[in-house]
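Here's a quick briefing to read alongside the model. Have a look at the structure first, then go through the notes below.

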Amino acid sequence: MEAKTGTWTEKKGLAQMLKGGVIMDVVNAEQAKIAEDAGACAVMALERVPADIRADGGVARMSDPDMILKIMEAVSIPVMAKCRIGHFVEAQILESIGVDYIDESEVLTPADEDHHILKHNFKVPFVCGCRNLGEALRRIGEGAAMIRTKGEAGTGDVVEAVRHARTVIGAIRQLQGMADEELMSFAKNNGAPYELVKEVKDLGRLPVVNFAAGGVATPADAALMMQLGVDGVFVGSGIFKSGDPARRAQAIVKAVTHYQDAAILAEVSKNLGEAMVGRNVSQMPEAEKIAGRGW
Amino acid sequence: MKIGVLALQGDFAEHVSMLKRIGVEAVEVRLPEQLNGLDGLIIPGGESTTIGKLAVAYNLMEPLREFGKSHAVWGTCAGAIFLSRDIGRDQPLLELMDIKVQRNAFGRQVDSFETDLEIDELFKTTGTEHPYHAVFIRAPIIESVGGKARVLCALADGRIVAAQQGHLLATSFHPELTNDTRFHEYFISLAS
């Protein structure tokens with residue numbers, strides 16, 4: 001048999017290797033090394049972390065390929081990079097330079113307000129954000145091989161990450177209690193592909209790996225998301241906007257492994273220095289929230 | 001029979017469910033005392049740098065080396081790297097198997113692949129003959145085997161993807177991502 005690349009098993013499989021781990025946002029090779037040394041299972045290469053994207057305003061786009069390549073050279077762990085929602089040419093560029101995973105991300109300014117990228121057209125796997133089960137299954141239907149709950153990126157406030165994880169996991173529980181004849185209207189009401197609704201009911205979980213993202217700033221936040229039932233955690237601004245990034249990064253890695261052990265969580269939470277200042281999502285104007293981007 | 005799966009990071013849950021499918025009790029191992037009473041241990045796929053750092057941080061290196069002297073241990077992908085003696089770069093290794101491993105030997109994720117393998121010893125032990133379908137993800141290769149380690153399987157071009165040293169087993173692919181339980185059964189035969 002000829003070797004086959006870019007298969008669904010391969011795409012989903014890399015995300016399975018990331019489980020129980022922390023994926024960290026980094027803006028240069030030096031930060032990427034710090035993340036790898038701290039035990040990150042992958043890094044997300046981008047020009048500005050979400051907190052800075054918020055502060056700077058303007059249009060946020062795919063990062064400079066040269067900067068991404070420098071990060072790929074600096075570390076041995078997988079490197080992810082972001083493209084705008086619907087911007088399939090940015091995705092083609094990221095695929096051609098060999099990134100390991102593409103995040104079609106609401107953190108960047110959307111390029112298409114009706115459509116996402118048809119991710120089945122690519123050999124490289126994609127991760128996409130979601131706020132609820134319907135959104136997750138639409139993205140998987142388009143070919144996303146990994147899902148992350150969105151949270152509210154760049155805030156350091158975990159409240160939206162909790163809301164989205166609870167919403168997704170709660171809907172899966174609800175689905176498991178349903179009779180088969182109820183699944184079509186669930187699919188209709190949630191805007192989700194029927195076949196995937198059936199699959200989720202049978203599996204009792206999403207058919208791909210599901211990480212939490214958006215607002216995780218402390219080891220306790222990371223362990224909270226793990227106990228709620230996600231497979232791992234993205235930390236964006238929370239590490240390199242804190243007082244001691246290396247120490248905080250190590251602590252969050254340990255917290256994700258030992259998420260059920262309160263004594264270890266207490267130990268790793270000691271003397272971490274300043275957490276990122278953060279912004280309270282409940283006091284944020286609706287127009288500043290980015291989790292609503294995605295269709 | 002009780003098998004531990006090192007659960008520091010990676011796809012340990014997939015190994016646990018494979019073991020359950022073949023009727024073997026499986027437990028997650030995150031701390032040294034959790035090795036007590038186990039008949040064997042699987043080190044899963046994941047990121048070998050992450051797994052190594054966490055093993056050092058929670059004082060697992062010596063207990064794992066001690067365990068491996070007298071018990072079956074199987075490493076898949078990152079686990080195979082962790083079991084090896086030499087990978088040509090500086091990261092924590094158990095150095096239990098006399099194999100030299102090269103990380104990410106096939107390239108990046110877009111080069112990850114699936115293929116069929118002929119593994120005579122696996123076929124003999126499980127009484128089967130259909131090919132073994134293997135999933136490689138940013139996979140390492142075993143550059144060379146030394147001492148008592150021997151080649152279990154190589155690709156057509158000669159690159160080694162599985163090796164065995166007595167009760168120790170290393171595969172650069174992921175049997176836990178397939179529906180084929182033969183490799184897990186083979187490992188259980190080493191643990192018995």
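B:Trp74 and B:Phe183 are both buried, where buried means under 20% relative accessible area, exposed over 50% and partly exposed in between (1.4 Å probe, protein chains only). The model is predicted, so local features need pLDDT of at least 70 and side-chain atom pairs 80 or more, while totals for chains, interfaces and linings use all residues. Residues count from 1 along each chain as its sequence is written, chains are lettered from A and ligands numbered from 1 in the order written, and side-chain values use heavy atoms, leaving out hydrogens and water.

**Aromatics in chain B**
- The ring centres of B:Trp74 and B:Phe183 sit 5.7 Å apart with planes at 25°, so they're stacked (rings of Phe, Tyr and Trp, the last by its six-membered ring, pair with centres within 6.5 Å; under 30 degrees is stacked, over 60 edge-to-face, the rest tilted).
- That pair bridges 109 residues, from strand β4 (72-76) to helix α6 (182-191) of chain B; helices (H or I, at least four residues) and strands (E, at least two) are DSSP runs, numbered from the N terminus.
- B:Phe183 also pairs with B:Tyr186, at 6.1 Å and 75°, so this one is edge-to-face.
- B:Tyr186 is buried too, with a relative accessible area of 2%.

**Helix α6 of chain A**
- 8 of its 10 residues (133-142) are buried, so the rest of the structure largely encloses α6(A).
- Just after α6(A), A:Gly143 has a positive phi of about 115°.
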